[in-house]
Amino acid sequence: PDATGTLLNSDGDGSSLTSVSVAGINSSANADAIVISSDEEVTMPKQPGFYAWLNGDISNVTGDSTVYSIAGTWSEITDQNADFSSGIFTAPVTGTYIFYCNISISGLSAAFDVVRCYLQTSNRNHRYYYNGFAYVTSWPIALHNGVIIADMDASDTAQMKVCVAGGTKVIEVEGNTESQQTNFGGWLLG
């Protein structure tokens with residue numbers, strides 16, 4: 001298509017081009033927006049999407065009911081349009097997004113009675129509560145391993161948060177040099 005979304009049709013040898021209008025397609029792209037391989041696989045190289053993991057542990061961030069916004073240093077496995085930075089995704093366009101969230105923490109004991117994990121977007125908080133859970137102190141525990149569908153406007157943000165209550169500020173958000181602990185991903189559905 002040209003810049004107006006009009007397709008150009010050829011008679012086969014490229015000597016005669018005619019315009020063919022396609023209803024419902026509008027393009028203002030300045031690069032390939034949709035690519036179809038010779039095996040007919042379709043990719044959209046600029047479709048917003050990211051997947052990242054937290055590089056290292058962040059110590060003593062909650063336990064006393066503090067809501068901690070997970071920041072730190074992140075390693076990106078993919079980030080199509082550089083929309084993810086320091087634990088925050090910024091929507092480049094209005095649409096429906098799907099997010100994968102995994103928060104791992106350590107330092108729990110019998111004193112802690114509530115754990116809340118969030119995905120906070122500009123429009124709302126998506127929360128998961130864990131009350132009266134069986135605590136684990138010898139290794140990190142993945143507390144929020146979920147998928148969330150969120151409506152977002154252009155420039156809205158999404159960030160993971162965690163809050164632990166019932167004790168002192170000794171809870172650590174776990175990260176490492178692999179993508180097995182705290183990680184975060186999101187993709188535009190449409």
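## Surface spots, loops and cysteines

At 58% relative accessibility, serine 155 counts as exposed. Welcome to a short tour of this structure, which is a predicted model.

**Two loop residues with a positive phi**
- Serine 155 sits in the loop that links strand 14 (141–152) and strand 15 (157–165).
- Although serine 155 is not a glycine, its phi is positive, at about 80°.
- Glutamate 40 is also not a glycine, and it has a positive phi of about 70°.
- You can find glutamate 40 in the loop between strand 3 (35–36) and strand 4.
- Glutamate 40 is exposed, because its relative accessible area is 65% and exposed means over 50%.

**A nonpolar patch on the surface**
- Ile34, Ile36, Val42 and Met44 together make a nonpolar surface patch of about 410 Å².
- One of these residues, valine 42, belongs to strand 4 (residues 42–43).
- Valine 42 has 55% relative accessibility, so it counts as exposed.

**Cysteines without a disulfide**
- How many disulfides does a search of the whole structure find? The search finds zero.
- Cysteine 101 is in no disulfide, and the nearest cysteine sulfur, that of cysteine 117, is 9.4 Å away; a disulfide would need the two sulfur atoms within 2.5 Å.
- Cysteine 101 counts as buried, because its relative accessibility is 0%.
- Cysteine 163 is in no disulfide either, and its nearest cysteine sulfur, which belongs to cysteine 117, is 9.5 Å away.
- With a relative accessible area of 2%, cysteine 163 is buried.

Key:
Residues numbered from 1 in each chain as written. Predicted model: local features only at pLDDT ≥ 70, side-chain atom pairs only at ≥ 80, totals over all residues. Heavy atoms only, no water. Patch = residues over 30% accessible without salt bridge, like charges linked within 9 Å, V, L, I, M, F, W, Y side chains within 5 Å. Areas by Shrake-Rupley, 256 points an atom, 1.4 Å probe, with all protein chains shown as cover. Salt bridge = Lys/Arg side-chain N within 4 Å of Asp/Glu carboxyl O. Helix = DSSP H or I, 4+ residues; strand = E, 2+ residues; numbered from the N terminus. Buried < 20%, exposed > 50% of the residue type's maximum accessible area, 1.4 Å probe, protein only.
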